[in-house]
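My entries follow the model.

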Amino acid sequence: MIEFLSKKLQWVDVDYWFYLFNDLSLVYIIIPFFALELIRYAYQKRLNKNLVLDSIANVITFGAFFVIEIILGILAITKLYFWIYNNFSLPHLELNWATIITCVLLADFAYYWEHRMMHRIGIGWATHTVHHSSPHFNMSVAYRFGPFDAILPIVFSLPMVMLGFDPILVLLSEVFVQVFQTLLHTEIIGKLTKPVEFIFNTPSHHRVHHGANRQYWDKNYAGILIIWDRMLGTFEPEKEKVVYGISEPLNSINPIKVFFHGIVRFLRKQKQIKGLKNKLLAFIKPPDWMPKAQVKTKRE
Amino acid sequence: MKNSTLVFRSLAIVIFIAGIAHLFTYASQKAENKSNISGEEVIAKTPVSKTKNNIYTNENTNNIIGQWKVTYDSNDYKGSIIYEIKKEGKVINAYTIEYQDENGYGQKADRTKTLIIKSFDGQKGKGVYMVDYENEKYDVKCDIAMVDENTFKLRYDYYGHSNMETWKRR
């Protein structure tokens with residue numbers, strides 16, 4: 001077992017395996033499953049114009065997010081990652097199964113924290129609210145991204161590079177964590193067996209995460225493993241029927257409105273906040289934060 | 001949950017997982033160093049025999065069999081190429097199997113025959129090297145000289161230009 005885990009692997013093979021899951025899964029799992037969801041919606045007489053246009057808007061937001069990600073990647077991210085890797089990292093890890101498995105585990109843990117930050121700080125929620133704003137829950141919602149969704153992950157994946165993991169392996173692992181979650185955006189799959197529900201993030205756990213129900217707010221941040229939520233106090237099981245969306249519904253299928261609504265709301269809040277210090281604090285304080293003085297004045 | 005608990009648990013998780021990765025790499029490198037040392041002792045004791053085509057078929061000539069990496073840094077190509085040297089009947093051929101960029105990320109090649117070793121005695125040899133020059137392919141005579149069991153030099157001349165490549169075992 002130890003020999004297998006520490007046997008040197010070739011990049012060309014590792015690249016191919018990630019390509020099979022990260023890239024090709026769109027063809028052999030995601031699109032067929034989405035087609036199944038549409039059939040289910042039609043059977044339940046829930047397939048309507050709003051749902052179809054919402055799904056199209058989701059894909060358009062993904063396109064916009066992807067362009068931003070490519071530009072960032074070409075301009076800076078890859079160079080930054082490699083500079084850190086070559087100047088500020090622990091000894092570089094060999095490419096073997098142990099490195100790949102631990103890299104995916106750390107990428108998943110980094111995702112937990114990055115996701116928690118996206119919910120709990122103002123600027124994070126300004127971009128991440130886009131993903132939660134759909135009143136529907138299907139595979140196309142997995143592709144609903146906000147404009148800055150590619151930026152916060154950098155903060156959390158740089159430490160992995162500093163720990164000696166190859167930057168490309170870190171990026172591939174992060175994509176793997178994202179692609180895994182695509183499969184969770186569905187109502188078709190109910191609760192799975194107890195051991196699976198205990199260890200892994202599942203459609204049930206992720207429905208809770210997307211719930212606008214008060215007890216479901218800011219819960220189940222996990223990517224692949226739900227054990228991070230269990231260990232860090234943010235787990236909530238699915239009990240009550242989930243109502244999807246956000247506390248202030250968007251009510252739009254216009255992809256431009258969808259993509260930018262989080263930022264627009266954040267800027268509107270910035271206008272309401274008095275004082276430069278408070279305006280800056282709003283970036284890092286929770287999304288529902290207002291300066292004490294202004295809250296008091298409102299109450300009076 | 002208290003912030004201190006969150007920080008402590010998170011750090012513990014990161015240190016544990018990263019520690020496992022480093023432990024495996026350390027163990028693997030230690031095992032590799034041990035096997036390199038014992039390999040050198042075997043090669044030094046192996047006897048030599050001669051064949052009709054001047055390719056000596058013994059453990060020493062078999063040392064050139066395997067995968068080799070050559071790093072290039074020119075205007076035409078920056079990166080590495082991986083070759084596989086195989087014995088095919090009485091001839092030893094090298095095929096291009098992978099191209100790697102400067103960061104080591106590879107792309108499979110189409111296994112073009114790149115080198116034919118016509119004579120090799122375990123230390124020195126001669127062959128024909130297929131060189132690409134200004135989009136033309138040329139069959140160029142070359143000399144091979146082993147430096148050690150993991151390195152050999154390949155030297156060739158064409159159009160008055162002399163070139164030396166260092167082939168390192170992958």
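**Notebook: pocket, helix, side chain**

I began with the largest pocket and found about 1400 Å³ of space in it, a pocket being an open set of points on a 1 Å grid over the protein atoms alone where a 1.4 Å probe fits, with protein on both sides within 12 Å along at least five of seven lines. Among the 48 residues that line the largest pocket, A:F65, A:E69, A:L171, A:V175 and A:Q178 are the closest to its centre, and lining here requires an atom within 4 Å of a point. I noted that α4(A) gives the largest share of this lining, eleven residues.

I kept in mind that this is a predicted model, in which local features need pLDDT of at least 70 and side-chain atom pairs pLDDT 80 or more, whereas totals for chains, interfaces and linings use all residues. Residues are numbered from 1 along each chain, chains are lettered from A and ligands numbered from 1 as written, and side-chain values use heavy atoms, without hydrogens and water.

I then turned to helix α5 of chain A, residues 97–120, helices being DSSP runs of H or I with at least four residues. I saw that 19 of its 24 residues are buried, so α5(A) is largely enclosed by the rest of the structure; buried means under 20% relative accessible area with a 1.4 Å probe, protein chains only.

Last, I looked up A:M160 in helix α7 of chain A, which counts as buried at 3% relative accessibility. Beyond neighbours within four places in sequence, A:M160 is in contact (heavy atoms within 4.5 Å) with residues including A:C103, A:L106 and A:F165.

How values were computed:
Helix = DSSP H or I, 4+ residues; strand = E, 2+ residues; numbered from the N terminus. Expected span 1.5 Å × (residues − 1). Buried < 20%, exposed > 50% of the residue type's maximum accessible area, 1.4 Å probe, protein only. Points joined across faces, edges and corners; volume = space filled by probe spheres on them.
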